Each structure stands twice: as C-alpha cells, then as structure tokens.
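Reader: I am new to this structure and would be grateful for a guided discussion of its helices and its sheet.

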Amino acid sequence: MGDHIKHDHSKDGIDRRGFLTCMAWAGAGTLLVVSGGTVKSFALSELGDKPMHEMKGELSFVQISDSHIGFNKPANTDVVGTLRAAIDKINALPTPPSFVLHTGDLTHLSKETEFDTLEQNLKDIKTERILYVPGEHDVLDDNGKTFRDRFSKDSKGDGWFSFDHSGTHFVGLVNVMNLKAGGLGSLGHDQLEWLEDDVKHLKSSTPIVLFAHIPLWSVYPEWGWGTEDSAQALSYLKRFGSVTVLNGHIHQVMQKVEGKVTFHTAMSTAFPQPAPGTAPSAGPMKVPDDKLRGLLGITDVNSIHGKHSLAVIDSTLAG
C-alpha cells in the first residue's frame with residue numbers, strides 16, 4: 001500500500017510526511033483503488049497503461065471543484081482558462097464519464113454573470129449530466145436561491161439530494177449554509193434526518209458515495225476545514241461495506257481511510273491553497289506561473305466490474 005494521510009496524534013492530526021508525499025503524487029496524478037475499506041495508492045507515472053485498462057468498469061464519473069469563476073487575482077488571473085483546461089482533460093478521457101459532480105464554489109461572488117460563465121463552459125463537457133452542490137461562495141447574496149434555481153431545482157431543503165446509478169447510491173449534501181465558528185461546515189438537523197431516512201431502505205452491500213463542499217472529516221479545524229456534525233451523518237452509514245466521501249474546499253488532494261470509509265478531497269480548477277498549518281491562514285496561494293497547472297486538476301472515478309469498490313484517479317492540468 002502506498003503512503004496516505006493518517007493520524008499522528010499531534011495537535012492537528014496531520015502526518016506532515018504523508019501529506020507532502022500526497023502532494024507529490026498530485027503532481028503526477030494518483031490512482032486509488034478502494035476495496036473493503038482499504039486504499040492502495042499509486043503514482044500514475046509508475047504504472048503504464050495496463051492498470052488503467054483494468055480499471056475500466058460499468059460506471060465512470062468525474063469530480064471537479066472550486067472553479068471560482070469571477071476570481072481575478074495574482075494566484076490565477078484566468079480561472080476560465082484553467083476551467084477550460086479541466087474540460088479538455090475530461091473530454092480526453094478514454095471513456096466519457098456518465099456524469100460530472102461539481103463539489104462547490106462554482107463562482108467567487110455568486111453573481112449571475114459568474115454562474116452564466118460557468119454554465120456556458122460546462123456545456124462543452126462530453127457527459128450525460130452535471131450535478132452540483134454549493135460552496136460557501138455560491139450562497140453569498142440570497143441564501144443560495146440563485147444557485148438552487150439554476151443548478152438544483154429538484155433538490156430537498158437547501159439543495160441536498162440523492163440518486164442511484166449502476167448499483168451505487170449517491171448523496172449530495174450541503175454543509176455551507178450555516179457555517180460555525182472558524183468557518184466549520186454544518187449539515188443541520190433537517191438534513192441529518194433526511195439522510196438517515198434516505199439510506200434506511202438500502203442493502204448494506206450497496207456502495208455509497210457522499211459528496212459535499214467542505215470536508216466531512218477534520219482536516220484542519222483551525223481553518224474551518226471540517227464539518228461540525230459530520231460524525232452523526234457518518235454514523236448512519238456504519239452498516240455499509242463501502243463508503244466513499246468526496247469533497248472540495250481545500251484545493252488540494254488529501255485522503256484518509258477510517259474503517260470502511262474513504263475520504264478524498266479534490267484539487268481546484270482555479271488556484272491552490274497552502275498545506276494545513278504552513279501559512280497564517282487559508283486562502284489563494286500564488287505559485288510560479290509554470291507551476292500553477294501542476295497544482296490544479298480533476299478527479300476521475302470508476303467502478304470495478306464485479307466488485308464493490310471504486311478507483312479514484314487524480315490528474316493535474318499540467319501537460
């Protein structure tokens with residue numbers, strides 16, 4: 001098994017060596033094979049074509065996150081350009097994805113023109129549909145009404161929903177409407193009750209994929225990189241043999257395995273953020289122009305035929 005993020009019982013719970021190793025993988029692309037709660041991680045540069053062929057299954061989908069359309073500061077003065085690079089990356093995949101999940105912060109200031117630009121560009125993705133959950137930047141002006149009207153019309157409450165595809169149950173959660181001290185995410189009582197009811201009828205052998213903007217594990221609470229009531233949400237999923245949690249918000253690849261749950265955060269298509277605790281605060285991180293696309297990217301997820309497992313492949317916009 002490759003190295004991965006794990007607890008070291010320090011103040012922030014982050015294994016710095018493991019984190020830096022993970023960030024190095026992000027530069028080359030990462031293959032994660034999830035099976036029975038165990039994750040094996042491989043640098044794509046070491047694999048060749050055969051493992052990629054073996055990962056092809058009956059379900060393939062892509063996660064993108066944190067497009068921040070409208071952002072125009074030194075960290076990236078052309079976020080539309082890097083979004084277009086992500087779209088090109090998706091359209092170059094050997095098999096078009098069944099759908100795309102956007103895990104929030106579509107825009108930077110939740111303006112109509114920003115939503116317009118995002119939507120018009122994503123229409124070029126070769127896929128059947130795109131599904132969205134909001135980030136905190138998408139609900140700034142009107143408590144998320146514009147976002148829901150445009151991108152989540154058939155959702156419940158503040159935008160949560162679920163659907164089934166190829167034997168996997170997907171749940172889109174919203175944890176940006178009632179941020180707690182320090183910016184921690186929150187799901188809230190109504191959404192938690194809905195989630196508990198939503199999964200009651202499912203067989204324990206059903207693979208589950210949760211996706212939300214802010215991580216559903218405590219990545220770095222000092223920067224608001226976690227969700228206050230995520231433990232309660234995950235308690236409803238203990239009986240399932242395979243649970244994958246996909247998030248954005250922190251603009252970098254981090255992963256963690258806890259029992260039968262695999263947590264995975266995605267790179268942004270807009271700008272990187274610093275590693276936890278390595279800067280005074282979170283926020284856009286300026287890097288040399290020739291390094292930027294190596295820290296931005298997409299996540300490609302495939303089911304493995306005949307197995308209750310998912311292969312998660314991170315690839316950057318470089319090259």
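Author: A crossing is left-handed if the near helix is turned anticlockwise from the far one by less than a right angle, and right-handed if clockwise. Helices (H or I, at least four residues) and strands (E, at least two) are DSSP runs, numbered from the N terminus. This is a predicted model, in which local features need pLDDT of at least 70 and side-chain atom pairs count only at pLDDT 80 or more, while totals for chains, interfaces and linings use all residues. Residues are numbered from 1 along each chain as its sequence is written, and side-chain values use heavy atoms, with hydrogens and water left out.

Reader: What is the hand of the crossing of helix 3 and helix 4?

Author: Helix 3 and helix 4 (residues 112-122) pack with their axes, which are lines fitted to C-alpha atoms over the stretch in contact, 10 Å apart. Contact means heavy atoms within 4.5 Å; among the residues making it are Leu 83 and Ile 87 of helix 3 and Leu 118 and Leu 122 of helix 4. The crossing of the two helices is right-handed.

Reader: Why does the span of helix 3 agree with its number of residues?

Author: The expected span of a helix is 1.5 Å times one less than its number of residues. For the 13 residues of helix 3 (residues 79-91) this gives 18 Å, and the helix agrees because its end C-alpha atoms are apart by 18 Å.

Reader: Which residue in strand 8 is the bridge partner of Phe 170?

Author: Strand 7 and strand 8 run parallel and are joined by four bridges. One of these pairs His 169 with Ile 208. For Phe 170, the partner is Val 209.

Reader: How many residues of strand 7 are buried?

Author: Buried means under 20% relative accessible area, with exposed over 50% and partly exposed in between (1.4 Å probe, protein chains only). Thr 168, Phe 170 and Gly 172 point one way from strand 7, His 169 and Val 171 point the other way, and all are buried. The number of buried residues in strand 7 is therefore five of five.

Reader: Which residue of the hairpin of strand 6 and strand 7 takes a positive phi?

Author: These strands pair in the antiparallel sense over five bridges. The hairpin has two residues between the strands, and the positive phi, near 55°, belongs to Ser 166.

Technical notes
Axes are lines fitted to C-alpha atoms, for helices over the stretch in contact, and angles run from 0 to 180 degrees between N-to-C directions. Two strands pair if DSSP finds at least two bridges between them.
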